[in-house]
Amino acid sequence: MPSLGPKPLQGFGVTFGNMFKKVTTESYPEDKKATKPRYHGRHVLNRHPDGLEKCVGCELCAWACPADAIYVEGGDNTEEARFSPGERYGAIYQINYLRCIFCGLCVEACPTRSLTMSNDYELADDNRQDLIFTKEQLMAPLLPGMEQPPHPMRLGDHEQDYYVGREPIKQTAGAAAEAHSVPPAATAPASGDDIGVDADEGAKPLGETRR
Amino acid sequence: MSGAEVDWNGTDMGIEEKLPSGFLLTNVEKLVNWTRTASLWPATFGLACCAIEMMATGAGRYDLARFGMEVFRASPRQADLMIVAGRVSQKMAPVLRQIYDQMPEPKWVLAMGVCASSGGMFNNYAILQGVDHVVPVDMYLPGCPPRPEMLMDAILKLHHKIKHEPLGPKRAKQLADNPQEIWTEMPSSIRYDKAARKEWIQAAEDNRSSQYSLERTQAVQRGDLQHGALEKVKK
């Protein structure tokens, strides 16, 4: 700014000039801005398109966690109470958000893409107990067409029908029989685009993405 | 009213003991809590990386001055809120306690970040496993470090708590007999929106408040919504 007068007045000139500049302040609680899509927010346990849980209770996330924030206990699916396709499901699943550092190593470790991260970050609370999130809190919301487990497998008779990409709605008797003759190569898990921390799944409607 | 029941360690100042109970007391309580909320001066207790986010929250883009909190006091004697930002080592614990003791009543503590809240990933002999081992904590804030919005969310949740604090032991007893749900854990962006708040409380009663927060966050991410009810977007 060119000199317009004595030094003290120049100082006020800066203040005055700033009054006409655009305000950069974000008005957070009233207007919530979107985060970057890959922002590491709190976790989500995803579901298959019929509502069954993707978690198989393998505890790999708990092993990968550098802060020991995750506690998992697996359980056996039975014909009466089925929570996930296949043999096992995560019976107890807890994440302690007072330990979690949101590094995403658990997401990398998850073999079924059950565990991903959302962009939700407003987590503060006034006691330690409520910040240990249980499975009920972490489960993804039910989308249309999903049903709260336990219930039988709706997308086929075999767990392969869930893990190998298939159209969930066009379910015919012929297609179900075909599912058992899938070549082994097609059953290989984790294609390239799934490796790495991926919050994109949180941005899309959860559970809609099929592997 | 007997003086023997007064809890001088609490946040009461003495004057409330001389006021008549009932209508006047609750209104004075509202007024006092409002003034306490509106000028909550933080004491700086930046210890590590969280302090950087705390400074960012105080600066122009997030601007804590909007809540009357822009003056981070270097002296604990002028502060009401201690934001413990960062990992507290065992060596630092007595210092922290001293700073806390030097703050005048009423005072609050916000444990910012996982290290201050529980030790976080530093589960070892050098780090205090949560500042609640030495001082009473009023708000725990996860994150490593928490983004400025998360700190503001925690501060606003604390504001909400302060607004509902009882004034004096008599009122505390009254509230203890008839506890009211104040939904401390409600996300601030939802609390500041009337329609969303209604939806959230409904969801919380159905035991799916975290799912609701998630759905709303996704709507914000998609750009479908900045305020208002989620129900409108769904239709």
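Biologist: What makes strand β2 and strand β3 of chain B a pair?

Modeller: Strand β2 (residues 81-85) and strand β3 (residues 108-112) of chain B are joined over five bridges in the parallel sense. Pairing takes at least two bridges, so these strands count as paired. One bridge links B:Leu81 with B:Trp108 in β3(B). Keep in mind that this is a predicted model.

Biologist: What holds paired strands together in general?

Modeller: Strands of a sheet pair through backbone hydrogen bonds, either parallel or antiparallel.

Biologist: What is the order of the four strands in the open sheet of chain B?

Modeller: The order is β1-β2-β3-β4, with parallel pairing.

Biologist: Why are β1 and β4 of chain B called edge strands?

Modeller: Strand β1 (42-46) and strand β4 (139-141) each pair on one side only. On average, neighbouring strands of this sheet are turned by 15 degrees against each other, direction ignored.

Biologist: How do you know whether β3(B) is enclosed or exposed?

Modeller: Count its buried residues. Five of the five residues of β3(B) are buried, so the strand is largely enclosed by the rest of the structure. Both faces are covered. B:Trp108, B:Leu110 and B:Met112 are buried on one side, and B:Val109 and B:Ala111 on the other.

Biologist: Which strands of chain B does helix α2 lie across?

Modeller: Helix α2 (residues 49-58) lies across β1, β2 and β3 of chain B, at about 130 degrees to β2(B). Helix α3 (residues 93-102) of chain B also lies across β1, β2 and β3, running at about 165 degrees to β2(B). Angles between N-to-C directions run from 0 to 180 degrees.

Biologist: How do the axes of α8 and α9 of chain B cross?

Modeller: Two packed helices are described by the angle between their axes and the distance between the axes. The axes of α8 (residues 194-205) and α9 (residues 209-222) of chain B come within 7 Å and cross at roughly 145 degrees. Residues of α8(B) in this contact include B:Trp200 and B:Glu199. Those of α9(B) include B:Tyr212 and B:Arg216. The contact residues divide into five nonpolar, two polar and two charged.

Biologist: How many helices and strands are there in chain B?

Modeller: Chain B has 10 helices and four strands. From the N terminus, its elements run α-β-α-β-α-β-α-β-α-α-α-α-α-α. Of its 235 residues, 51% count as buried.

Biologist: Why is A:Pro149 called buried?

Modeller: Its relative accessible area is 6%. Buried means under 20%, so A:Pro149 qualifies. A:Pro149 is found in the loop between α4 (135-138) and α5 (160-163) of chain A. Leaving aside neighbours within four places in sequence, its contacts include A:Arg47, A:Leu52, A:Arg82 and A:Phe83.

Biologist: What separates the C-alpha atoms of A:Pro149 and A:Gly74?

Modeller: These C-alpha atoms are separated by 16 Å, and the residues are 75 apart along the chain.

Biologist: How do you know that β3(A) and β5(A) pair?

Modeller: They are joined over two bridges in the antiparallel sense. In β5(A), A:Phe133 is the bridge partner of A:Ile95. The open sheet in chain A has three strands, in the order β2-β3-β5. Its edge strands are β2 and β5 (132-133) of chain A.

Biologist: Which residues have the most contacts inside the largest nonpolar core?

Modeller: They are A:Ile70, A:Tyr93, A:Tyr97, A:Leu115, B:Met82 and B:Val84, in a core of 41 residues. The elements that give two or more residues to this core include β3 (88-96) of chain A and β2 of chain B. The largest share, three residues, comes from α3(B). In general, nonpolar side chains tend to be buried together in soluble globular proteins.

Biologist: Which residues does A:Tyr97 touch?

Modeller: Not counting residues up to four places away in sequence, A:Tyr97 touches A:Phe102, A:Leu123, B:Val114 and B:Pro142, among others. A second, separate core of 27 residues includes B:Leu40, B:Met54, B:Met112 and B:Met150.

How values were computed
Residues are numbered from 1 along each chain as its sequence is written. Chains are lettered from A and ligands numbered from 1 in the order in which they are written. This is a predicted model: local features need pLDDT of at least 70, side-chain atom pairs count only at pLDDT 80 or more; totals for chains, interfaces and linings use all residues. Side-chain values use heavy atoms; hydrogens and water are left out. Contact means heavy atoms within 4.5 Å. Ala, Val, Leu, Ile, Met, Phe, Trp, Tyr, Cys and Pro count as nonpolar, Asp, Glu, Lys and Arg as charged, and the others, Gly among them, as polar. Buried means under 20% relative accessible area, exposed over 50%, partly exposed in between (1.4 Å probe, protein chains only). A nonpolar core is a set of buried Ala, Val, Leu, Ile, Met, Phe, Trp, Tyr and Cys residues joined through side-chain atoms within 4.5 Å.
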